[in-house]
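Please read it alongside the sequence and the coordinates.

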Amino acid sequence: MEAFIQVAAAAGLTGDEAKAASAAGSAGFAYGLAAIGPGIGIGYLVGKSVEAMARQPEAAGMVRTTMFLGIAFTEALALIGFVVFILIGL
Amino acid sequence: MIALEFPPINEILRWKDLFPTFNKIALIAVAAALIGTLIFLLAGSKDAKVAPKGIRNFAESIVEFIENGIIMQTMGRQGLGWTPFLLSLFSFIYLCNVPGIIPFLQMPATARMALPLFLSLLVWVVFIVTGFKHQGLGYIKSSLFPPGVPKALYILVTPIEFISTFLVRPFSLTVRLFANMLAGHILLVTFSLLSEALFQAKGNPALIPVGVLPLFMLIFLTGFEVLVAFLQAYIFTILTAVYIGGAAHPEH
C-alpha cells in the first residue's frame, strides 16, 4: 500500500484519482479471474450432458433440466465476480 | 482517435422520475404485472369446451410448459398444485426481462436489484413455510441434519447446510437474475456506443465503415438477449420449484 501511494504521488495523482485508477485496473482482474473457474465448469458440464443426451436420447428432457440447474449453480460464481466488478467501479 | 466516453453506471440504469417515487422501471414492472394478468384473464374468459384458439391456445401452451417442463421434471405429480404460483412468477419475470430489447424501452426492469431481491425473498418465505407446513419441526431436522451422514460429521455439515439453504439460496437467486440482465444491458449499451462513435468518427473517415462490425454484434446480441430473457425466467422458476419440492418432500 505504501509503495502504491508513492507511485501515485510520483505520477501526480491525488488520493481519489489514484483510487479510481487502481479500481479500474483491479475491476478487470476481478471479473477475468472470476470467469475462469465457471467457464471450465460450464464447458465440462454441457459437454457431459450432450454426451449423455447422445447416448440416451429418450432421457434428453431430464438431462436438459438437470443441465440447466447445474449451469445456474455454476454460473452464480461468475456473476458474483461481475457484481463485484461493478461495485469496485462505483 | 475517436471520442468514446462510457457514461457512468448510474446514467444507463437510472431513469428520470415520472413523478416522485415512481420512475420508468416501476412503470415497466407494473405494466408487466398488468399484461400478464390480462392475458390469463382473457384466456380464462373463453369457453373451455370448444377447441382452444387464439389467446387461449397461447395461454394454455404456457401453462403446459410450466406443468410439463418445470413441475413434472422437478416435483413430480404432487407438485401440480403449485402451477399458479410458478406460472405468475415465470410470466412476471419474463415480461420484466423482455423490455430490455424492446425499442424505446430498452431497459429490463430486473436489471435493478430491488425486483429480483423482492422476488427471491418471497420464494425464500414460501419454501420455508412449505417445509414447516409439510414436515412440522422435522423440517429443521431434515434440512440441517441430512440422513446418512456419520454423527461426528454433523459439526461440519450442519453449519454448511444452514448457510447454503437459508442464506445463500435467496442471495444467489437474486444475483443470478439481476447480474444476468444487467450484464446484457451493459453489453448492449457498450456496442451501441461503440458503433455510434465509429459512425461519427470525424478525424478519420476510414473508421466509418468499421462501425458496421459493432453494429452486427449489437444485432446478434439483441437476438441473444431474447434467449437470455427467457432462460433467466425459466431458471428462476425451475430453482423455485426445486426448493419448494425439496422442502415439501425431503430426500430419504
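B:Phe104 is exposed, because 6 other C-beta atoms lie within 10 Å of its own; by the convention used here a residue is buried if 20 or more other C-beta atoms lie within 10 Å, exposed if 12 or fewer, and partly exposed in between, with C-beta atoms placed from the backbone. B:Phe104 sits in the loop between α4 (83-97) and α5 (114-135) of chain B, where helices (H or I, at least four residues) and strands (E, at least two) are DSSP runs numbered from the N terminus. The phi of B:Phe104 is near 75°, a positive value in a residue other than glycine. Most residues other than glycine have a negative phi.

B:Gln106 lies in the loop between α4 and α5 of chain B, and has a positive phi of about 50° although it is not a glycine. B:Gln106 counts as partly exposed because it has 15 other C-beta atoms within 10 Å.

## Basis of the model

This is a predicted model, in which local features need pLDDT of at least 70 and side-chain atom pairs count only at pLDDT 80 or more, whereas totals for chains, interfaces and linings use all residues. Residues are numbered from 1 along each chain as its sequence is written, while chains are lettered from A and ligands numbered from 1 in the order in which they are written.

## Helices α4 and α7 of chain B

Helix α4(B) is largely enclosed by the rest of the structure, because 11 of its 15 residues are buried. Among these buried residues are B:Leu86, B:Phe90, B:Phe92, B:Tyr94 and B:Asn97, and the buried residues of α4(B) pack against α2 (24-45), α3, α5, α7 and α8 of chain B. The end C-alpha atoms of α4(B) are 21 Å apart, which agrees with the 21 Å that its 15 residues should span at 1.5 Å a residue; the expected span is 1.5 Å times one less than the number of residues.

Helix α7(B) has 46 residues and reaches 63 Å from its first C-alpha to its last, close to the 68 Å expected at 1.5 Å a residue. A kink of about 50° lies in α7(B) at B:Val168, shortly before the proline B:Pro170; the bend at a residue is the angle between axes fitted to the seven residues ending there and the seven starting there.

## Where the chains meet

Which elements of chain B give two or more residues to the side that touches chain A? In total, 13 residues of chain B are in contact with 15 residues of chain A, contact being assigned when the C-beta atoms of two residues, placed from the backbone, lie within 7 Å. The elements of chain B that give two or more residues to this side are α3 (55-74), α7 (154-199) and α8 (212-248), and the largest share, 6 residues, comes from α7(B). The residues on this side of chain B divide into 8 nonpolar, 4 polar and 1 charged; Ala, Val, Leu, Ile, Met, Phe, Trp, Tyr, Cys and Pro count as nonpolar, Asp, Glu, Lys and Arg as charged, and the others, Gly among them, as polar.

## Chain A

Chain A has 3 helices and 0 strands, and buried residues make up 7% of its 90 residues. Among contacts in chain A between residues at least 6 apart in sequence, 76% join residues at least 24 apart. A:Ala24 lies in helix α2 of chain A and is exposed, because 11 other C-beta atoms lie within 10 Å. The C-alpha atoms of A:Ala24 and A:Ala52, 28 residues apart along the chain, are separated by 43 Å.

In an unreviewed entry, UniProt lists residues 28-46 and 67-88 of chain A under "transmembrane region"; such positions are given in the numbering used here, feature names are shortened, and annotations may be inferred rather than shown by experiment. Over residues 28-46 of chain A the chain is 100% helix and 0% strand, with end C-alpha atoms 27 Å apart.

## Confidence

The mean pLDDT of chain A is 82, and 86% of its residues reach 70 or more, pLDDT being the predictor's confidence in each residue, from 0 to 100. Within chain A, confidence is lowest in helix α1 (residues 2-10), at a mean of 67, and highest in helix α2 (residues 15-55), at 86.

Chain B averages a pLDDT of 88, with 98% of the residues scoring at least 70. Among its elements, strand β1 (residues 17-19) has the lowest mean pLDDT (76) and α4(B) the highest (95). For the complex, the predictor gives an ipTM of 0.73 and a pTM of 0.87.
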